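Have the sequence and the 3D view open as you read.

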Amino acid sequence: MIGPRIEEAARRLGEAPAYLYDLPALDEHAASVRAALDGVELYYAVKANPDPELLRVLAGHVDGFEVSSGGEHAHVAALFPGKPLALGGPGKTDAELRLPCHRLHVESPNELRRLLATGREADVLLRVNPDLPVEGAALTMSGPFGMDEAGVAECLPLFDRRVRLRGLHSHLASGLDAPALLALARRLLDCEHAEVNLGGGMAVSYAAPRERFDWAAYGRGLAALNRGGRTLRVEPGRSLTAYCGYYVTRVVDVKRVRGKAYAVLLGGTHHLRTPVTKGHDQPFAILPTGSGPGLGGEPVTLVGQLCTPKDVLARDVVTSARAGDTVVFAMAGAYAWNISHHDFLMHPKPAFHYLRL
């Protein structure tokens with residue numbers, strides 16, 4: 001989980017907490033995903049992690065970027081002028097509807113009418129939210145996302161020469177393995193549209209960090225389904241960048257309270273909110289760099305510095321820890337720093353370091 005290169009780099013860091021991104025590992029992973037998806041367009045969902053250094057690596061492997069706000073659009077367009085952008089999001093403002101993009105994902109009939117009222121030209125995918133069974137998902141995208149069949153039917157007569165319907169977009173769930181995503185794709189491709197965006201949702205297991213989504217099987221399955229020259233596109237986020245990121249911090253205190261052992265860390269969920277939002281223990285390794293009081297070989301809960309009992313990164317994990325030890329949390333490359341509540345209690349923000357190509 002924590003290889004020699006990461007351990008060495010974590011030991012060298014002169015400041016903690018810090019994020020450490022392994023750019024060569026990201027480059028290798030993105031290249032393997034690109035190779036597996038022969039004939040399928042690959043966009044990266046920027047919401048997973050908009051770090052410019054990560055985006056620069058990904059730009060060499062992806063066909064475009066999916067952005068979900070005016071801020072993300074401006075960020076990516078400044079980094080990669082001319083790179084195709086797909087603009088999504090369920091609550092677009094009028095200003096966002098005017099932004100230039102390769103594809104605009106329309107979420108409702110009213111949004112389409114507002115787009116038409118701008119007078120701009122646009123190539124549109126209708127985001128559909130069909131009533132399909134989704135089993136084993138970590139998160140289902142129901143409710144306000146996209147349209148049901150009635151909403152799609154309401155949209156179809158509205159298109160004109162300026163605002164053109166190119167196809168469908170659907171992102172139904174997150175945390176699915178390749179067979180489950182292919183089963184959904186089979187249903188979603190049962191349509192006459194020449195372009196279908198299947199979204200993301202590829203499984204990332206924080207409980208089993210060495211398990212990876214089977215991109216090769218997924219690519220073969222999509223190739224078998226894609227008969228007739230249809231344009232297929234996918235938009236992974238977490239599954240591309242989660243594995244290249246590490247959150248490195250230190251144990252500042254250890255204690256037992258009513259028989260429970262705690263290691264208190266610098267930083268916390270205001271830097272790495274992932275385990276709180278997903279309800280898991282973040283994978284970690286402890287490097288023995290400390291010389292203070294310790295805990296040994298017992299269930300330990302790793303907590304941060306915040307004044308809330310929800311500031312927990314891993315719960316009741318059998319380990320040893322001493323004050324001053326270095327803790328390296330793995331799988332911190334997606335929905336980590338960028339989704340966290342940075343300013344709660346106004347602790348210092350983490351540093352950022354990169355292993356370079």
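What follows looks at a barrel, some strand pairs, a helix pair and one histidine.

First, some ground rules. This is a predicted model, where local features need pLDDT of at least 70, side-chain atom pairs count only at pLDDT 80 or more, and totals for chains, interfaces and linings use all residues. Residues are numbered from 1 along each chain as its sequence is written, and side-chain values use heavy atoms, with hydrogens and water left out.

Helices (H or I, at least four residues) and strands (E, at least two) are DSSP runs numbered from the N terminus. Two strands pair if DSSP finds at least two bridges between them.

**The strands**

Start with the barrel: eight strands close it in the order S2-S3-S4-S5-S6-S8-S10-S11, with parallel pairing. From one strand to the next, the twist averages 30 degrees; angles like this run from 0 to 180 degrees between N-to-C directions, with axes being lines fitted to C-alpha atoms, for helices over the stretch in contact.

| Strands | Sense | Bridges |
|---|---|---|
| S4 (residues 85-87) and S5 (residues 103-106) | parallel | two bridges |
| S12 (residues 245-257) and S13 (residues 260-265) | antiparallel | six bridges |
| S13 and S15 (residues 294-303) | parallel | four bridges |

In S5, Arg 103 is the bridge partner of Ala 86. Ala 261 in S13 stands opposite Arg 256, and its bridge partner in S15 is Val 300. S12 and S13 form a hairpin with two residues between them, and Arg 258 in that turn has a positive phi of about 50 degrees.

**Two helices side by side**

How do the axes of H2 and H9 cross? The axes of H2 (residues 23-36) and H9 (residues 215-225) come within 8 Å and cross at roughly 25 degrees. The two helices are therefore roughly parallel to each other (angles under 35 degrees count as roughly parallel, over 145 as roughly antiparallel, 65 to 115 as roughly perpendicular and the rest as oblique). His 29, Val 33 and Ala 36 of H2 make the contact (heavy atoms within 4.5 Å) with Trp 215, Ala 216 and Gly 219 of H9.

**A histidine in a loop**

Is His 61 buried or exposed? His 61 is found in the loop between helix H3 (52-59) and strand S3 (64-67). At 15% relative accessibility, His 61 counts as buried (buried means under 20% relative accessible area, exposed over 50%, partly exposed in between, with a 1.4 Å probe and protein chains only). Leaving aside residues up to four places away in sequence, His 61 touches Asp 27, Ala 30, Ala 31, Arg 34 and Leu 42.
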